[in-house]
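Hi,

Here is the structure I promised to pass on. Have a look at it first, and my notes on what turned up follow below.

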Amino acid sequence: MDRRQMTLMLSDKEMTLLDQLAERRGMSKTALVRQALRLYQSVTERIESGEKVFVERPSTKEKTELMVL
Amino acid sequence: MKLLFSNDWLLKTIPTDPDDEPEAGGTIDPSVHEAQMHSENTAVIGERNVVQLRIALGTLVRQLRLKEGLSIVELAERADVSEDELRLVEHDPHYTARPRLIFQLSEYFQVQLVKLSQMSGTTHAVNRVLYNEAVRYAARSDDVSALTDEERQALDAFVSMLNERAEM
Amino acid sequence: MKEHVGSVVLLDRTSGEPVAADVFRELDDKNFQDIETLWRPMLQRRRAEFPSWEAAGGANAQDSHWEWVDKAKEAERIMGRDTFAVECDGETQGLMLIDVAYARLPAQRGRELTYIELLAAAPWNRTKFLSTPRYKGVGRVLVSTAISLSVDLGFNGRIGLHSLPQSTMWYQGAGFTDVEFDTEKEMRYFEMSESDAAAFVGLKRSTL
C-alpha cells in the first residue's frame, strides 16, 4: 500500500493526549491515528445509514447515545 | 507491509503442518446461499407467506415431537435447545428461529437443514415446491395433542418429501 | 489497488517440490473471476453431495455459501478491512479477509488485533475435497501474512480468528490459544499472543 506523509499541527494538550493514548494502547502514534480514523469512519457510516451508536454501562444497562456530526 | 518470513522457513515448516489446510470464519447459516444456488426454482416471498411457512414449521416440529411421544421439555433436552425457543417455534409464526435451533432440530429429526432453514423464514427466497408442500401439509393437520392416522400419514409423506435429494 | 506483497513458496503435494507463488493485498477482477468460475462450482457440487451442513464439514465443503466477492468489494472502502490472495499458476490458491478487532486473551485483552474474518484454501488444495490435492502451505502463508500485517499496523503480531470445527487442531498446533467457545458465532475463538506470533514465524519477540 502506498504511504503518504503529512504534517499534523497539534496543540500541546492534543499532543500529550496522543502520547498517552499511544502508550496506553501499546501502539505508535501513527498506528493510533490510523485506528482513530478507522473508528471514526465506522461510527460515521453507521449513523449516516440511520443506525444509532450507544455506550452501555454494564452495571446499570444505562445507555448513552454517541453523537457524531 | 513486508512479509516477516522467508521461503527457507516455509520449506522447512510446511511439511510439518497437518495434512489439511485450515479454514476460519463463516457462519452456520447456509440457507441464504443455498436458496440463491437454485434460483430457477426459487421464489422471493412476502411476509404473509413467511408466516404460512412458519406455521408449517411449527406443525412439523410439534408432530415430529408427538410422534416420538416427547414433551417440549424432553425434546429440548435431547436436541440440546432451549424450551422457550422450542415453544415459540411451535406456536408463534412471527418468531424467527435462530440458526442454531434449526440446525439442532435438523440433526435430531434427520430432516434436511436447507429446507428447515427455508421454513423458518430466515430467508425470503424459498423453493417453490417446498413452499406449496409445506402449506398443504399444514392445512391438513389439526392442532391437537394426539396424531390421527391420517395426520401421521401426512407427516410421513411431508418428511420424506423434505428429505428427497431433488433440486431444492 | 492490488499490491504485490511478496514472493513465497508452496509445496506441490504430488512431487513434494517447491512451487513459486505470490501474496497480493486487495483482490482484483481476476480473483473474483477465479472465485466465481473455479471455486464456487467445485464447492457447490461438493456441498450438494451432503445432506447437511455439518456432514459437509467432513469434506471441507462448508464454505460454499461464503460471499467472498461481496465482502472483498466492501473491504475496499472500509478502513481496517483488508483482503489477501495467494496466487500460483495464474490461479487463486487461497484467500483471506481481515478486519481489526479487540483481543480477548487476558494478557492483551482490549488491545487491537488483526482479526482473520475468513480464510480458505482453494477447493483443489484441500485433502478431504480431492483425492489428489495440488498444493500445501496456503494456510501457513496466509496466517503468517496476517501476523506480518499485524506487525505493520502496530499490533505487534496479535491475531485472532474463529475456527471451523475441522481446523481447530491446525490452529492449536500453530501455537494459537483456544480462548473460548463463542456463543454468538457458535464457533471456537482462537488468538495468538505477541510472543506466540513471533515464535510461529520464527522470530524473537523483540524483533517484531
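**What I found**

Just past helix α6 of chain B, B:Q110 adopts a positive phi of about 55°. This is a predicted model, in which local features need pLDDT of at least 70 and side-chain atom pairs count only at pLDDT 80 or more, while totals for chains, interfaces and linings use all residues. Residues are numbered from 1 along each chain as its sequence is written, and chains are lettered from A and ligands numbered from 1 in the order in which they are written. Helices (H or I, at least four residues) and strands (E, at least two) are DSSP runs, counted from the N terminus.

Staying with α6(B), residues 99-109, the buried ones are B:L101, B:I102, B:F103, B:L105 and B:S106. Buried here is 20 or more other C-beta atoms within 10 Å of a residue's own, exposed is 12 or fewer, and partly exposed is in between, with C-beta atoms placed from the backbone. Those buried residues pack against α3 (47-67), α4 (72-79), α5 (83-91) and α7 (113-120) of chain B. Contact, by the way, is C-beta atoms, placed from the backbone, within 7 Å.

Two of those partners also pack on each other: α4(B) and α5(B) sit at an angle of about 115°, their axes 9 Å apart. (Axes are lines fitted to C-alpha atoms, for helices over the stretch in contact, and angles run from 0 to 180 degrees between N-to-C directions.) From α4(B), B:I72, B:V73, B:L75 and B:A76 meet B:E83, B:L86 and B:R87 of α5(B). That makes five nonpolar, no polar and two charged residues. For the classes, Ala, Val, Leu, Ile, Met, Phe, Trp, Tyr, Cys and Pro are nonpolar, Asp, Glu, Lys and Arg charged, and the others, Gly among them, polar.

Now the interfaces. Chain B puts 33 residues in contact with 53 of chain C. On the chain B side, α1 (7-13), α2 (31-37) and α6 each supply at least two residues, and α1(B) gives the most, with five. Chain C also touches chain A, through eleven residues of chain C and ten of chain A.

Finally, chain A: two helices and two strands, in the order α-α-β-β. Of its 69 residues, 4% count as buried. Its mean pLDDT (the predictor's confidence in each residue, from 0 to 100) is 87, and 94% of its residues reach 70 or more.

Cheers

Key
Contact = placed C-beta atoms within 7 Å.
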